[in-house]
Structure formats: C-alpha cells, structure tokens
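Welcome! Here is a short briefing to read alongside the structure, with a look at its nonpolar cores and then at its salt bridges.

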Amino acid sequence: MLNLHDQIIDIVGKRNFLLNEKEKTPYTTGWRTESGECEFVVLPNSLLNMWYVLKLCVENNKCILMQAANTSLTGGSTPNGKYNKGLVIINTTKLKTIIPIKDGQQVLAFPGSTLYDLEKIIKPYKRAPHSEIGSSCIGASIIGGVCNNSGGALIKRGPAYTELSLFASVNSNGKLELKNKLGVNLGKKPEDILKNLDNHHFNDENIKNSNFKASSKDYSSIIKDINANSPARYNADKKRLYDASGCSGKVAVFAVRLDTFEKENKERTLYYSTNNPNDLTILRKKILTEVDELPIYAEYMHNDAYEVSKKYGKDAFYLVYYLGTSTMPFFYKTKSKLENFFKHSKFFSHRTLDLLLNAFVFILPNHMPKLFDKLNKKFKHHLILKCDQNIYDDVLKISNSFFYKEGENNILICNAKQSKKLTLNRFVFAGASARCANLLKQANPELLPLDVALKRNDDNWFNDISIDSKEDVLKTLTVAHFFCLVFHREYVLKKGKDNNKVKNKLLFWLDKIGAKYPAEHNVGHMYEADDNLRKFYKKLDPNNIFNPGIGKTSKR
C-alpha cells in the first residue's frame with residue numbers, strides 16, 4: 001500500500017507536493033513572521049483534488065493549515081513554532097476561478113482567486129469588488145478577505161462578508177463533511193458537487209435567489225450611528241461570524257458567493273489639512289449625519305506617516321504608478337525571496353535589501369507634488385476624501401461652512417493626477433513603515449504594528465499612545481480608515497526595547513478605552529482571540545484540526 005506522500009503525489013502530481021525545506025519556505029514564512037514547522041506543502045489543481053487531499057490528511061491524523069496568497073500581516077496563514085502532530089499546508093493559489101453570475105451582480109470565487117483578478121473579470125459588467133487598491137495590489141485572495149473580515153476602506157461596500165459558501169469541516173466524530181451553502185444546486189455527493197463546480201456544470205436555473213447576505217448590507221446604518229459606544233467593525237464582531245466569514249481558516253473553504261458593486265460616478269477628491277484634530281472629528285460627524293449617501297473613501301494620514309511613506313515607500317510607489325498594480329504580487333514575492341537569501345547569508349545583514357532598494361530610488365525625482373510636501377510641513381493631520389459627483393456639492397458645502405479657516409486649515413480640490421498620487425502614498429505606508437524601523441539605527445528593527453477599531457463616539461481618536469509607553473517608542477506612525485475609526489498604528493520602538501512588553505502595555509490601555517483589536521486583520525499569532533472567536537472556532541472545528549494555535553489558542 002502506498003504511503004501518504006505517494007498517495008497525495010498520485011492525486012496532485014510531484015510538482016505540486018513540496019517536501020524540501022527550501023521549496024517550502026515561501027509557504028511557511030509570513031510577511032512579518034518567522035517560519036514555523038510544516039511536514040509538507042500541497043498545491044491542488046482542482047476542487048475535487050483538494051477534497052481528496054483533505055480526506056487523506058484527516059484520515060492520517062494531520063493538522064491542516066489552509067493557505068491562499070499568504071499576505072497575512074499577523075501570521076494567520078503560516079505555521080507558528082512546533083505542533084504535537086504533523087502540520088500540512090494546503091495552498092490554493094492554483095484554484096483561481098471566478099464565475100460571474102446574475103449578470104455580474106454576484107460572483108462565485110474559488111479559494112485561490114484574487115481581488116486583482118476579480119476587478120478585471122467584472123469590469124465589462126461595469127461592476128467593482130468590495131476592495132480595490134490596497135489588498136488587491138499585493139495579490140490578496142478573495143476568500144482570505146472573507147475568512148478574516150478584511151476590507152472596509154471603501155466605506156459604502158463595508159468589510160468582506162457572505163453567508164453563502166461551500167466549505168469542508170471535521171465534525172466531533174472526526175469525519176470530514178462538505179457543506180454546500182452557496183445557494184447553487186450542484187448535486188448531493190461531495191464528489192458530484194465539486195466536479196460540477198470545477199467544470200461549471202450548472203446554469204441559471206440551478207442558482208437560487210437567496211435571502212442570505214452576500215455582502216455587508218447593514219454597514220451603512222452601522223457607520224452612520226456616530227453616537228454608538230462600540231466600534232463599527234472588528235475581527236471578533238458576532239455580526240460578522242458566519243460559516244466561512246471570520247473563520248480564520250478553521251474550515252476549508254472551496255468557494256464563496258459574493259455581491260459586486262456598481263461603479264461610482266465621476267469620483268471627486270478633497271484633501272483636508274489641519275493642526276486641530278477636532279475639526280476632522282466635526283467633519284466626519286457632519287458628513288455621516290447630514291449627507292444621505294456615504295463617501296467612497298476617507299483615509300486619514302498623520303504628517304509623520306506621509307513622510308515615512310514618501311521616503312521608504314518610493315520603490316513601491318513608482319512600480320504601481322508607472323507599471324500598474326499587476327506588478328506588485330511579483331515584486332513582493334521576489335523581495336521575500338531576496339530577504340530570505342540575505343537573512344541566511346554570512347556576509348549580509350537583515351538591513352541589506354532595504355538599504356539597496358532605498359539607495360536605488362533615492363536618486364529618482366521627488367514623486368510627490370511640492371504642494372503636498374508644503375501642506376505636510378505646515379499641518380499635522382490630513383484626510384483624503386473621495387465621493388461621488390452626486391454628493392460632492394453637499395460635502396463641499398459642509399466643508400466650507402466650518403472647516404476652512406484661512407491660515408489655520410486647508411481644503412484642496414484635487415485633480416485626477418493629484419488624487420492618484422495621494423492614494424498611492426497612503427497605500428505604500430505598510431511596507432514603508434516596516435522599512436523605516438529596519439533602517440533607523442536608533443530603532444528596533446522589528447516594527448510593532450497594531451490594527452485597532454475605536455468606538456464610534458470616540459472624539460479622542462488622536463491619542464495614539466498610552467502615557468506609560470512613551471519612553472519606549474521612537475515614532476508612532478498613524479493612518480486610518482477615518483469614518484469607521486479603524487486605525488493602523490505602527491510603533492517604531494527604541495533600540496533594545498522589548499516588543500512584547502510594549503505591546504502588552506498598549507493593549508491594556510486600548511482595553512481601558514473600549515477599543516477592539518484586530519480591526520480588519522486576522523488575529524493570527526499576534527493577538528489573543530476573545531471569547532466570541534474561541535467559541536466560533538470550537539463550533540466550526542471541534543477537534544482543532546484546522547489552523548491550530550490561531551489567536552493564541554491551544555495547538556493540541
């Protein structure tokens with residue numbers, strides 16, 4: 001009888017079964033996390049083959065980590081440390097199919113499909129996905145976003161969410177079960193369901209009109225409730241935990257059914273600058289309560305974050321601006337491989353690649369308009385607000401009525417080129433802040449990033465650090481999805497400070513002010529899952545087969 005390895009090779013082929021440590025490294029190492037233990041990596045090339053591999057792994061008592069694009073910033077899609085029994089990674093990046101249904105108003109997305117591909121596929125229908133520039137640029141998967149409650153930067157569309165999915169779980173008796181909740185009639189047996197989906201063997205009559213949600217339809221009313229004493233969205237919110245949605249890899253997702261969105265009409269961009277954060281607070285409240293329709297996008301950026309993005313994210317900016325977002329997945333994969341080479345070299349340090357990239361782009365011309373540089377020197381707080389033409393006049397009227405004060409505040413109506421550059425400088429922030437920490441000699445090379453949802457009625461959002469942590473922090477770099485008060489705060493610590501000790505201080509302070517974390521990233525191995533999540537995980541995966549240890553839960 002064939003052993004497990006040979007049985008899997010028979011299903012997926014030798015090329016799609018990785019046992020060598022060097023071959024496994026891109027799958028076992030995260031963006032900001034070290035490599036963990038993994039017995040082997042499998043890359044199934046059909047949904048049916050994925051089912052067969054899952055069955056073999058369950059029958060052979062393996063732990064399973066489902067993985068797509070591996071873009072997690074918290075390590076949720078990679079192994080962490082050691083496991084008491086063999087852990088297997090099933091990577092779904094070869095399963096990229098996206099099937100538009102209902103004239104493009106919805107899609108069926110396979111587990112390896114990406115946001116970037118989704119944008120292209122639904123463009124002829126004049127539709128858009130829940131998330132565009134941002135996650136899409138780094139090759140993030142659609143289902144990864146659903147599993148982690150990601151997204152929400154595009155305000156009207158809300159975070160990724162669906163109640164319509166096809167997934168496999170292991171029940172309390174240790175049996176693998178396939179659950180078809182797509183609202184599509186594909187047959188009864190698992191093999192028939194997956195064959196029919198693989199081969200697109202279904203028609204419009206097989207697709208049921210469903211009362212189950214395929215997007216965050218309630219988000220508009222949630223975000224407009226500005227007096228609520230709770231955050232608008234966060235990872236452990238009970239309202240967002242449903243089967244595949246928020247599952248953090250505790251089930252194996254084969255497909256999801258998602259809404260797409262009508263493209264906005266004649267987008268307009270306003271750029272607000274001030275030294276008084278209360279003016280931005282009033283602006284947010286007035287627009288959310290006095291304008292019926294929501295803006296498209298409202299991104300806050302502190303002036304320190306602007307400078308760091310401009311200085312340390314210049315290479316990524318140039319790539320996207322001149323070559324398009326399609327270059328980013330290749331850029332980040334190549335960068336990851338080079339970083340791994342330098343890390344294990346005797347002659348180079350962990351700073352080498354970042355030093356080389358920064359030195360190379362330093363000679364290139366300044367990519368940001370001088371006007372923005374001047375505004376950034378004069379003002380601390382900035383907001384990029386994009387809206388439809390149909391609410392532009394209302395937004396401008398509110399803005400002019402109180403925000404603009406000559407010599408104190410500034411409102412700039414941006415042209416298309418200015419808008420694109422502002423958005424890109426905001427987008428490259430995540431990579432730029434990590435490089436900043438790595439290159440500053442007086443800093444810890446490891447960044448301390450926190451992803452935080454503040455209460456909707458929190459008027460003190462600009463307090464970005466607890467008093468007892470100030471002595472430990474060299475720089476606090478802050479950006480935010482401002483209208484839902486979701487903040488990404490990247491702490492550059494002073495050299496020699498303990499990241500975990502400082503993080504614990506900050507989290508203790510966030511608990512005191514009623515904040516929730518993480519807001520839109522997976523808990524990964526960085527945050528502790530709260531009671532809601534633990535109960536949800538246990539319900540989905542009673543035997544702890546899938547992604548054991550997630551959210552600092554037990555690996556046993």
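This is a predicted model: local features need pLDDT of at least 70, side-chain atom pairs count only at pLDDT 80 or more; totals for chains, interfaces and linings use all residues.

Together with Leu383 and Phe483, Tyr272 is among the residues with the most contacts inside the largest nonpolar core, which has 82 residues.

**Nonpolar cores**

- The structure holds 25 salt bridges.
- One of them joins the side chains of Glu299 and Arg426 (2.9 Å, N to O).
- Glu299 sits in strand β13 (residues 297-302) and Arg426 in helix α15 (residues 416-427), so this pair links distant parts of the chain, 127 residues apart.
- Both Glu299 and Arg426 are buried.
- Asp373 and Lys310 also meet through their side chains in a salt bridge (2.9 Å, N to O).
- Because Asp373 belongs to helix α13 (residues 370-378) and Lys310 to helix α9 (residues 303-312), the pair ties together parts 63 residues apart in sequence.
- Asp373 and Lys310 are both buried.

- Arg534 and Glu528 form a salt bridge through their side chains (3.7 Å, N to O).
- Arg534 counts as partly exposed because its relative accessibility is 32%, while Glu528 is exposed, at 55% relative accessible area.
- A network of salt bridges links Lys156, Arg157, Glu264, Glu293 and Asp388.

Technical notes. Residues are numbered from 1 along each chain as its sequence is written. Side-chain values use heavy atoms; hydrogens and water are left out. A nonpolar core is a set of buried Ala, Val, Leu, Ile, Met, Phe, Trp, Tyr and Cys residues joined through side-chain atoms within 4.5 Å. Buried means under 20% relative accessible area, exposed over 50%, partly exposed in between (1.4 Å probe, protein chains only). A salt bridge is a side-chain nitrogen of Lys or Arg within 4 Å of a carboxyl oxygen of Asp or Glu. Helices (H or I, at least four residues) and strands (E, at least two) are DSSP runs, numbered from the N terminus.
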